[in-house]
Amino acid sequence: TAFLTGYKSSWIFSKMQNHNNQPGNAHGVRQAGTRLEDISTCLIERYRLALQYTVPGGRVLDMACGSGYGAFLLARDAEPAEVVAVDISQHAVRHGKQYFDHPRIQWLVSDVFEVDQHLAPGSFDAVFSFDTLERLENGTGFLEILSGLLKPGGTAIISAPNQDILPFDKNAFPGHAQHYTSRQFLRELRRHDLAVVRGFSQ
């Protein structure tokens, strides 16, 4: 298991097959461009990383998808059976439908804490969520929902600011609720049957 410290840390998780530690496998930054070329390169690169962990023919969840550019990139390049793109903002979802729609994308307006009312448990091969966890007071509840939606052996990638490098300050980060040290995050993951496979920094 590797964790690389940096401004943003992306964690790749594997859903446990069982409870014996045998690995089996909000609301983020808004980018309202109308083409992929309009989106910040650092944000696009997160989804290019996610492409490497998307199984062709699998089912993918993009949680707090924003304007939908990432869901489009996944649907176009990873060849999944379906990408479910979820955001609480009706405006964001409308923007995604208008500029980043794809036949493989299903759009859903939902709060991240209510999405499990719309989606079946254990129904996703991969779950991705960027720039979301740090904005939630109940990060533990969010991770529980993500874990519940993953199939055994499924993969999740989630980004979060590294508290060791970027200490939380509510004045400096008015939209954030908390940051995580590597130790805190690992503890939360294990609590929800998620095993860390790799860590990245950006």
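The model is predicted, so local features are given only at pLDDT of at least 70 and side-chain atom pairs only at pLDDT 80 or more, while totals for chains, interfaces and linings use all residues. Residues are numbered from 1 along each chain as its sequence is written, and side-chain values use heavy atoms, with hydrogens and water left out.

**Overall layout**

- The chain holds five helices and seven strands; helices (H or I, at least four residues) and strands (E, at least two) are DSSP runs, numbered from the N terminus.
- Followed along the sequence, these elements come in the pattern β-α-β-α-β-α-β-β-α-β-α-β.
- Of the 202 residues in the chain, 53% are buried; buried stands for under 20% relative accessible area, exposed for over 50%, and partly exposed for what lies in between (1.4 Å probe, protein chains only).

- Strand 2 (residues 59–63) is largely enclosed by the rest of the structure, because four of its five residues are buried.
- Strand 2 runs parallel to strand 3 (residues 82–87), and five bridges join them; strands pair if DSSP finds at least two bridges between them.
- Between strand 2 and strand 3 the chain passes through helix 2 (residues 69–77) in a right-handed β-α-β crossover; right-handed here says that, with the strands pointing away from the viewer, the path from the first strand over the helix to the second runs clockwise.
- Strand 2 also pairs with strand 5 (residues 124–129), again in the parallel sense, over three bridges.
- Strand 3 pairs in the parallel sense with strand 4 over five bridges, and A85 has W107 of strand 4 as its bridge partner.
- A right-handed β-α-β unit is made by strand 3, helix 3 and strand 4.

**Nonpolar cores**

- In soluble globular proteins, nonpolar side chains tend to be buried together.
- The largest nonpolar core has 27 residues, of which L36, Y69, L74, V83, I105 and F128 touch the most other members; such a core is a set of buried Ala, Val, Leu, Ile, Met, Phe, Trp, Tyr and Cys residues joined through side-chain atoms within 4.5 Å.
- At least two residues of this core come from each of helix 1 (41–51), helix 2, strand 3, strand 4 (105–109) and strand 5.
- A second, separate core has 26 residues, including V86, F142, A156 and I158.
- Leaving aside residues up to four places away in sequence, L36 touches I44, Y69, F72, L73, R76 and F100; contact means heavy atoms within 4.5 Å.
- Helix 4 (residues 139–149) is largely enclosed by the rest of the structure, because eight of its 11 residues are buried; among them are F142, L143, I145 and L146.

**A closer look at D62**

- D62 lies in strand 2 and is buried, with a relative accessible area of 0%.
- A polar atom of the D62 side chain lies 3.4 Å from the backbone nitrogen of A71.
- Not counting residues up to four places away in sequence, D62 touches Y47, G70, A71, V84, A85, V86 and F128.

**Loop residues worth a visit**

- Most residues other than glycine have a negative phi, and most peptide bonds are trans.
- A64, in the loop between strand 2 and helix 2, has a positive phi of about 60° although it is not a glycine, and A64 is buried at 8% relative accessible area.
- D193 also has a positive phi, near 60°, and sits in the loop between helix 5 and strand 7 (194–201).
- H102 lies in the loop between helix 3 (90–99) and strand 4 and counts as buried at 16% relative accessibility.
- Beyond residues up to four places away in sequence, H102 touches F72, A75 and R76.
- I165 belongs to the loop between strand 6 (150–161) and helix 5 (182–191) and is partly exposed, with a relative accessible area of 46%.
- I165 and T181 are 16 residues apart along the chain, and their C-alpha atoms are separated by 8.6 Å.

Methods:
A polar contact is a pair of N or O atoms within 3.5 Å; within protein, one must be able to donate a hydrogen and the other to accept it, and residues adjacent in sequence count only if both atoms are side-chain atoms.
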